[in-house]
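Let's take a walk through this structure together. Keep the picture open and follow along as we go.

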Amino acid sequence: MNLGNMSFDHGVLNLANWLGNVIMPTLAAAFIIIAILQFSKGRDFSHSMYGALGCLMVSGLTRAFETFASQGAWNDPDLYWLSIVALINWVANVILPVYAASQVAAMALRLGVFSLVHPSSGWLRHFVTAALCLMVSGVLRLAEFFVAQGTGGVR
């Protein structure tokens, strides 16, 4: 048994990876199975679904932190900057378009129920929210294009 290569940091890192990438998705699957069984019996299943969602959020956040932290070497002075840029790119290019799609779906559902055209209508609020999310995502993509074309967009 070679104990010379072991460190406390690697042990904590491996434990966090194991919990976030193996145990939490397994618990989420168990919660979903429990929710299905409770739904089939006519019981309240929302608590199990919230448990599954929480487990998947822990797993997803672990993967996101792994991605954001692995953008540079540990002694790179720009590590925090690269992590923040990766976080902003992920939010703008993944989260906001998905949220916009959910708002369009909510708008379609409300439009089917209420067809009034009024500034305070629910479907119009969902449409404006989706448009704002896509606009922010598009503006950030445009800024990325200009930065990639030259030094800060200036030649």
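What follows starts with the whole chain and then moves to a few places within it.

Some ground rules come before the tour. This is a predicted model, so local features need pLDDT of at least 70 and side-chain atom pairs count only at pLDDT 80 or more, while totals for chains, interfaces and linings use all residues. Residues are numbered from 1 along each chain as its sequence is written, and side-chain values use heavy atoms, with hydrogens and water left out.

Now for the big picture. The chain has four helices and zero strands, giving the pattern α-α-α-α when you read along the sequence. Here helices (H or I, at least four residues) and strands (E, at least two) are DSSP runs, numbered from the N terminus. Of the 155 residues in the chain, 17% count as buried. Buried means under 20% relative accessible area, exposed means over 50%, and partly exposed is in between, with a 1.4 Å probe and protein chains only. The chain exposes about 11600 Å², and carbon and sulfur atoms supply 73% of that; these areas come from the Shrake-Rupley method with a 1.4 Å probe, and for residues only the protein chains shown count as cover. As for contacts (heavy atoms within 4.5 Å), take those between residues at least 6 apart in sequence: 47% of them join residues at least 24 apart.

Let's zoom in on His126, which sits in helix H4 (residues 122-149). Is His126 buried or exposed? His126 is buried, because its relative accessible area is 11%. Its side chain makes a polar contact with the side chain of Gln103, at 2.5 Å. A polar contact is a pair of N or O atoms within 3.5 Å; within protein, one must be able to donate a hydrogen and the other to accept it, and residues adjacent in sequence count only if both atoms are side-chain atoms. Leaving aside neighbours within four places in sequence, His126 is in contact with Gln103, Ala106, Met107 and Arg110.

Now look from the other side of that pair. Gln103 belongs to helix H3 and counts as buried, because its relative accessibility is 9%. Not counting residues up to four places away in sequence, Gln103 touches His126, Thr129 and Ala130.

Also in helix H3 is Ala108, which is partly exposed because its relative accessible area is 47%. Ala108 and Phe127 are 19 residues apart in sequence, and their C-alpha atoms are 9.1 Å apart in space.

Helix H3 (residues 79-113) also holds Leu87, which counts as partly exposed because its relative accessibility is 37%. The C-alpha atoms of Leu87 and Ala64 are separated by 8.4 Å, with the two residues 23 apart along the chain. Ala64 lies in helix H2 (residues 46-69) and counts as buried, because its relative accessibility is 10%.

One last stop is an aromatic pair. Phe39 and Phe45 form an edge-to-face pair, 5.3 Å centre to centre and with 85° between the planes. Phe39 is exposed, because its relative accessible area is 57%, whereas Phe45 is partly exposed, because its relative accessible area is 34%.

Note on methods. Phe/Tyr/Trp six-rings, centres within 6.5 Å; stacked < 30°, edge-to-face > 60°.
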